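Here is a short report on strand pairing and charged side-chain contacts. The chain is shown first.

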Amino acid sequence: VPFTIHGLQTEITPSESPKGKLVKLNTSEQHSIGGLSLKFYEGSFYEDIYVDVEQKQNNNFLSSSYLIGNDYTPIARAFRMAIKVDHDTISDKAKYCIARVRNGNKSAVYSHYKNGEMIAYVSRFGEYAVTTDTIAPKINPINHFSWGNNGIVTLVISDNFSGIKNYRGEIDGKWVKFEADNKNATISYKLNTKHIARGKNHKLTLTVTDNCGNTNSLSQNFMW
């Protein structure tokens, strides 16, 4: 039986070309845009991917902010990131640090300054920029009037941004080992007669330093 087929002409939309730089699985690649330099190492990803970077001006930071790739891309090996400090005006370069920005909130990324740039090794895509941390950590004694009764010296230590790097406690000028409870942001030292004489007035000195070199110290007298 004869029959006729009628067709309708439709436009075929060409597929969009992938954005960004192609990074192959088994090679090292470098990518630069504006004041940002990236170095991906062999095996940084689980497959060949395109890495797109968007540069944005932001007056809240000392550099442009850079939105790198997709936040949900799995990364197998940390890559090197260097961001130029556009407003390099602080003499103490340790106060600079890289911030990761997400939903308007920023978190510090361990980084260091070299030749006008902040350098970090990161394992997540996202938005990054250079900022500063010039605020010292906080130290708050917990019930210091009861230290002598319960035999335990306890304090809360915290930092607003870059995080606590180290702390040192002394009683009567001698180093004592404080134990950290990271869940509650406290440190404590159990008094004992092997190191501390009983029935006397004692002086605690605690010094706390954050990852940008800001330092705070506290002295507190107590009876035990």
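Partly exposed means a relative accessible area between the buried class, under 20%, and the exposed class, over 50%. Lysine 93, at 26%, is therefore partly exposed. The model is predicted.

**Salt bridges**

The whole structure holds 8 salt bridges. The table gives three of them.

| Pair | N to O distance |
|---|---|
| lysine 56 and glutamate 127 | 3.5 Å |
| arginine 124 and aspartate 71 | 3.6 Å |
| aspartate 88 and lysine 93 | 2.7 Å |

Lysine 56 sits in strand S5 (residues 53-56) and glutamate 127 in strand S12 (residues 126-132). Lysine 56 is partly exposed at 29%.

Arginine 124 lies in the loop between strand S11 (117-122) and S12. Aspartate 71 lies in the loop between strand S6 (65-68) and strand S7 (79-84). The pair therefore ties together parts 53 residues apart in sequence. Both residues are partly exposed: arginine 124 at 41%, aspartate 71 at 23%. They also belong to a salt-bridge network with Arg100 and Arg102.

Aspartate 88, the partner of lysine 93, is partly exposed at 30% relative accessibility.

**An open sheet**

Four strands form an open antiparallel sheet, in the order S16-S15-S19-S20. Strand S16 (174-176) and strand S20 (215-223) are the edges, each pairing on one side only. From one strand to the next, the twist averages 30°. Strand S15 (residues 164-171) and strand S19 (residues 201-210) pair over 7 bridges. Isoleucine 171 has leucine 204 of S19 as its bridge partner.

Definitions and conventions: Residues numbered from 1 in each chain as written. Predicted model: local features only at pLDDT ≥ 70, side-chain atom pairs only at ≥ 80, totals over all residues. Heavy atoms only, no water. Pairing = 2+ DSSP bridges. Helix = DSSP H or I, 4+ residues; strand = E, 2+ residues; numbered from the N terminus. Axes fitted to C-alpha atoms, helices over the stretch in contact; angles between N-to-C directions. Salt bridge = Lys/Arg side-chain N within 4 Å of Asp/Glu carboxyl O. Buried < 20%, exposed > 50% of the residue type's maximum accessible area, 1.4 Å probe, protein only.
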